Amino acid sequence: MQEQQDFKHRHFAHCESGVMSLMVSHHGLPLSEAMVFGLSGALMFAYIPFVKLGGMPLIAYRSRPRSIIKGLQKTLGIKMKMHTFSNPSKGMATLDALLQQGHVVGAQSSVFWLPYFPPEMRFHFNAHNLIIVGKEGDDYLISDPVFESSQRCATEDLKKARFVKGMMAPKGLIYYPLAVPDHIDYQRILPAVIKRNAKAMLKTPVPIAGIRGIRALARSITRLSGKDPRQARLFLGHIVRMQEEIGTGGAGFRFIYASFLQEAGRLLDNNRGLESASREMTIVGDQWREFALLAVTTIRKKRNDKMNFSALTEKLLHVAAAEAEVYQRILKIRFTCL
Amino acid sequence: MEQDMVPQDNISTYADNKKAVYATDRSGNYNVIASSGWEIEEEATLQAVREMERLAREAYVLAARGEYSPLFFHMYNRRMDIQVLAEATGLFKWRIKRHFKPVVFDRLSEKILARYSDALGISRQKLCSLPQQNRNL
């Protein structure tokens, strides 16, 4: 079997938005990764202390897995076919049949069991996304948007990665578009999704999501001063990893969203409000990176030196305030061309 | 972030891979830039990797002394903890903890051993023994 002839691999910052961008573009609707991310309203924050990932609380800088696929369906009216399987062999057979029919197929997988990931990046995270574009002998040809070039993965390995059990288990999920619209009414859709996302960040009913979630995380850093220093170091390192390494990280998502706001502004007759919101969101992303830098320099401190947790809390509260301000400005933007 | 500020620290954890990041050019336009990594991210990743290696090393010593079953080592060597292993095997945590006792582990049925070897991705023979040296993955 050959690779689907006209499929173009591209390098993107984040797996799920990258996969959706590549797939809908392949089906004739060119959408940038930033556009996919913004249109699905994927910018989020959540700090969930009672859900543990490797013994550490879950910190997410975006909406939950699969929400980009689902959000894009909803806002654009794309029809996606999504399959999960209880039987791995059946899941592999269906994949092969789809490839035979000429489809490129999106799939959810574990990171740990994909051999092409660098060893030091292989953790038990089960909500990775990739595109399978063909099969050659025993190898699947994979377009994984977080890698610069196309990858290969042996059948047994891909099977293991698709059918790993546990938190956010992929259950062999595969997906592909059935129908893609040829025209998008940006003038109508963009203002709505942008305001909805800003509201979601500002006005959450739960104290662990949105801006309130960032503040909750900041407070939990203050409480580290009473804890074992080794645990405190691991917790800080965990925050930075969730922010910088996993997917594209928290700061990364702020930059993607800033890029989306810029693109949206241009589509809406150079909307000044969106252009300045994009610039402000860029500054927020930079502040998230400053926080990461401060956290890692705190971890580096020798055992005897006191780690300054309150400085970190303060920095994070500052980030929360700056981010909240961007959303408040966004809510005030006037869209004239409705 | 501006394009010239995108870190290019060639970090070891990327193993020569690059990550796409969004950054602005001189006139403020966003582009996707390939980054060879930020040393701050590398430090955080290595901290987590070393912690997992430490757990695996300690488990190896305990298992080599016969105080714990080889399962205890293989779990950490696969970067898992009891929570992840319980989810991957569908066994209760208290049962897994019991299986850390060598006496209990030695009497496990083939069926249970198969669940472990499947979840850990190692053969039954490997599961029931310790490697010569404690190597990773």
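## Two chains, by question and answer

Chain B is assigned domain 1 (3-37) and domain 2 (48-127). The model discussed here is predicted.

Visitor: How far apart are the C-alpha centres of domain 1 and domain 2 of chain A?
Guide: In chain A, domain 1 is assigned in two pieces, 15-30 + 79-179. Domain 2 of chain A is 186-332. The C-alpha centres of these two domains lie apart by 30 Å.

Visitor: Which helix of chain A gives the most to the side that touches chain B?
Guide: Start with the contact itself: 41 residues of chain A meet 35 residues of chain B. Helix 8 (229-245), helix 9 (249-267) and helix 10 (272-300) of chain A each supply at least two residues of that side of chain A. The top contribution is eight residues, and it comes from helix 10 of chain A.

Visitor: By class, what does the side of chain A that touches chain B have?
Guide: Chain A puts 41 residues in contact with chain B. By class, that side of chain A has ten charged, eleven polar and 20 nonpolar residues.

Visitor: Is helix 3 of chain B roughly parallel or roughly perpendicular to helix 6 of chain B?
Guide: Helix 3 (residues 82-89) and helix 6 (residues 110-120) of chain B have axes that come within 9 Å and cross at roughly 110°. Angles of 65 to 115 degrees count as roughly perpendicular. Therefore helix 3 of chain B stands to helix 6 of chain B as roughly perpendicular.

Visitor: Which residues of helix 6 of chain B meet helix 3 of chain B?
Guide: Helix 3 of chain B passes helix 6 of chain B in a right-handed crossing. By class, the contact has four nonpolar, one polar and one charged residues. From helix 3 of chain B come B:Leu85, B:Ala88 and B:Thr89; facing them in helix 6 of chain B are B:Arg115, B:Tyr116 and B:Ala119.

Visitor: Which strands stand at the edges of the six-stranded open sheet of chain A?
Guide: The strand order in chain A is 3-8-4-5-6-7, with antiparallel pairing. Neighbouring strands are turned by 40° against each other on average, direction ignored. An edge strand here has a single partner, so one side is left without a neighbour in the sheet; in chain A these are strand 3 (79-83) and strand 7 (151-154).

Visitor: Which residue of strand 8 of chain A does A:Met80 stand opposite?
Guide: Strand 8 of chain A (residues 174-179) is joined to strand 4 of chain A (residues 105-109) by two bridges. There, A:Ala107 stands opposite A:Ile174. Strand 8 of chain A also pairs with strand 3 of chain A, antiparallel, over five bridges. A:Met80 stands opposite A:Pro177.

Visitor: At what angle does helix 1 of chain A run to strand 5 of chain A?
Guide: Helix 1 (residues 15-26) of chain A lies across strand 4, strand 5 (128-136), strand 6 (139-143) and strand 8 of chain A. Its angle to strand 5 of chain A is about 45°.

Visitor: Is helix 7 of chain A roughly parallel or roughly antiparallel to helix 11 of chain A?
Guide: Helix 7 (residues 210-222) and helix 11 (residues 309-332) of chain A have axes 8 Å apart, at an angle of about 175°. Contact residues include A:Ile214 and A:Leu217 of helix 7 of chain A, and A:Leu316 and A:Ala320 of helix 11 of chain A. The contact divides into twelve nonpolar, three polar and three charged residues. Angles over 145 degrees count as roughly antiparallel, so the helix 7 and helix 11 pair of chain A is roughly antiparallel.

Visitor: Which residue takes a positive phi in the hairpin of strand 1 and strand 2 of chain A?
Guide: Strand 1 (residues 43-53) and strand 2 (residues 56-62) of chain A pair antiparallel over six bridges. A:Ile48 stands opposite A:Leu58. Two residues lie between the strands, and the positive phi, near 60°, belongs to A:Gly54.

Technical notes. Residues numbered from 1 in each chain as written. Chains lettered and ligands numbered in written order. Predicted model: local features only at pLDDT ≥ 70, side-chain atom pairs only at ≥ 80, totals over all residues. Contact = placed C-beta atoms within 7 Å. Helix = DSSP H or I, 4+ residues; strand = E, 2+ residues; numbered from the N terminus. Nonpolar A, V, L, I, M, F, W, Y, C, P; charged D, E, K, R; others polar. Domains from an automatic or database assignment. Axes fitted to C-alpha atoms, helices over the stretch in contact; angles between N-to-C directions. Parallel < 35°, antiparallel > 145°, perpendicular 65-115°, else oblique. Left-handed = near helix turned anticlockwise from the far one by under 90°. Pairing = 2+ DSSP bridges.
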